[in-house]
Amino acid sequence: MSSTTGVTRTAGTTGGTGTPGRSTAPAPGRRTSRLGWNLLGLVVFVTVGFPLYWMLNTAFKPAKDAIDPDPSLLPTGVTFANFRRALDIADFWGPVGRSLAVSVAVVVIGMAVGLLAALAISRFAFRGRKLVIVGILAVQMVPLVAMIIPVFLLLNDLGQYDKLTGIIVTYLTFILPFTVWTLRGFIVNIPRELEEAAMVDGCSRTGAFLRVVFPLLAPGMVATSVYGFIQAWNEYLYALMLLSQDHQTATVWLGNFTTKHGTEYAPMMAGATMMAVPIVVLFLLVQRKMAAGLTAGAVKG
């Protein structure tokens with residue numbers, strides 16, 4: 001009896017978690033691997049974040065320090081004169097307002113049309129379905145710079161040159177395929193059985209979509225909308241070629257800092273910082289939905 005008790009006590013105290021002879025500490029190889037991945041993540045973070053840091057550093061430093069041939073990585077002084085100069089050099093709120101209107105219109109129209117198209121491709125079998133999918137992929141492979149002359153000629157013939165409606169339709173040509181393809185991936189990951197169960201309980205197909213599929217699709221729609229908004233907000237080439245100075249957007253407005261006397265780097269970085277504010281605010285408002293949308297469908301079953 002005593003020998004049995006001794007064996008039991010020995011087995012209970014060998015492992016810290018009740019597993020005899022098994023240590024809970026990570027193996028040396030695993031610790032080394034984790035340290036390597038952490039270092040790699042740190043390198044990627046510094047590489048990606050340094051341009052943003054340099055933009056902010058240049059925006060708040062004195063203008064003379066921005067053109068110093070031996071710049072300092074740390075801030076040498078803080079001034080808001082660059083922001084005042086950026087607001088005085090040209091109209092700021094007009095281009096920002098036009099960029100905001102164009103981006104919002106592109107996202108709203110793109111999501112409305114793209115959602116219906118993605119739903120049709122994902123849930124219905126029709127003749128030419130595979131051809132439509134291949135066409136969507138093929139459109140995304142075409143370089144945007146290759147289409148600028150045909151787009152210019154087409155908008156000129158339609159009387160939409162130098163108009164915001166023309167630039168909105170132009171942006172939809174490359175944002176809509178991305179929207180359709182992305183939303184299709186989210187819809188495919190939602191089981192059909194959920195819709196069928198709702199229809200058995202008395203819902204119509206539209207009701208099943210609105211009550212079952214749409215709430216599950218909301219995070220994916222938010223993630224897709226944010227990326228579409230960023231693409232429309234940051235687009236430069238088409239806005240430069242298809243809009244005059246009276247209708248220029250925020251990205252083209254930054255070109256006012258480059259003159260025949262040189263480039264005013266500090267005010268330009270101040271203007272870029274102000275342009276980044278709407279994107280940052282948008283991310284802060286939808287960051288939870290963004291995280292859910294990016295991971296939707298990662299775990300199935």
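In which helix is Lys 64 found? Lys 64 is found in helix α3, which covers residues 63–66; helices (H or I, at least four residues) and strands (E, at least two) are DSSP runs numbered from the N terminus. The model is predicted, so that local features need pLDDT of at least 70 and side-chain atom pairs count only at pLDDT 80 or more, while totals for chains, interfaces and linings use all residues. Residues are numbered from 1 along each chain as its sequence is written, and side-chain values use heavy atoms, with hydrogens and water left out.

Lys 64 is exposed, with a relative accessible area of 61%; the classes are buried under 20% relative accessible area, exposed over 50% and partly exposed in between, with a 1.4 Å probe and protein chains only. The side chain of Lys 64 makes a polar contact of 3.3 Å with the side chain of Asp 65. A polar contact is a pair of N or O atoms within 3.5 Å; within protein, one must be able to donate a hydrogen and the other to accept it, and residues adjacent in sequence count only if both atoms are side-chain atoms. Between the C-alpha atoms of Lys 64 and Glu 264 the distance is 9.8 Å, at a sequence separation of 200 residues.

The protein chain contains 13 helices and two strands. Of its 301 residues, 33% count as buried. Among contacts (heavy atoms within 4.5 Å) with a separation of 6 or more, 70% are between residues 24 or more positions apart.

The largest nonpolar core has 37 residues, and those with the most contacts inside it are Leu 115, Leu 183, Leu 217 and Trp 253. Such a core is a set of buried Ala, Val, Leu, Ile, Met, Phe, Trp, Tyr and Cys residues joined through side-chain atoms within 4.5 Å. Two or more residues of this core come from each of α4 (81–89), α5 (93–123), α6 (129–141), α8 (164–188), α10, α12 (250–253) and α13. The largest share, eight residues, is that of α10. Neighbours within four places in sequence aside, Leu 115 is in contact with Gly 110, Leu 183, Ile 187, Phe 209, Phe 214, Leu 217 and Met 221. A second, separate core has 18 residues, including Val 106, Ile 148, Leu 155 and Leu 172.

Grid points are joined across faces, edges and corners, and a volume is the space filled by probe spheres set on the points. The largest pocket has a volume of about 380 Å³. Its lining comprises 15 residues, of which Leu 52, Met 55, Ala 272, Ala 276 and Val 280 are the closest to the pocket centre. At least two lining residues each come from α2 (28–60), α10 (205–234) and α13 (265–295), and α13 gives the most, with seven. By class, the lining has 12 nonpolar, three polar and no charged residues; Ala, Val, Leu, Ile, Met, Phe, Trp, Tyr, Cys and Pro count as nonpolar, Asp, Glu, Lys and Arg as charged, and the others, Gly among them, as polar.

One cavity of 30 Å³ or more is present. The largest cavity has a volume of about 30 Å³ and is lined by Val 106, Val 107, Gly 110, Met 111, Ile 175, Thr 179, Thr 224, Ser 225 and Gly 228. For this cavity, α5 gives the most to the lining, with four residues. The cavity lining divides into four nonpolar, five polar and no charged residues.

Arg 129, in helix α6, is partly exposed at 25% relative accessibility. Not counting residues up to four places away in sequence, Arg 129 touches Ile 121, Ser 122, Phe 124 and Arg 184. A polar atom of the Arg 129 side chain lies 3.5 Å from the backbone oxygen of Phe 124. Thr 249, in the loop between α11 (237–242) and α12, counts as buried at 4% relative accessibility. Asp 162, in the loop between α7 (148–158) and α8, has a phi near 60°, a positive value in a residue other than glycine. Most residues other than glycine have a negative phi.

Notes: On a 1 Å grid over the protein atoms alone, a cavity is a set of points where a 1.4 Å probe fits but cannot get out, and a pocket is an open set with protein on both sides within 12 Å along at least five of seven lines; lining residues have an atom within 4 Å of a point.
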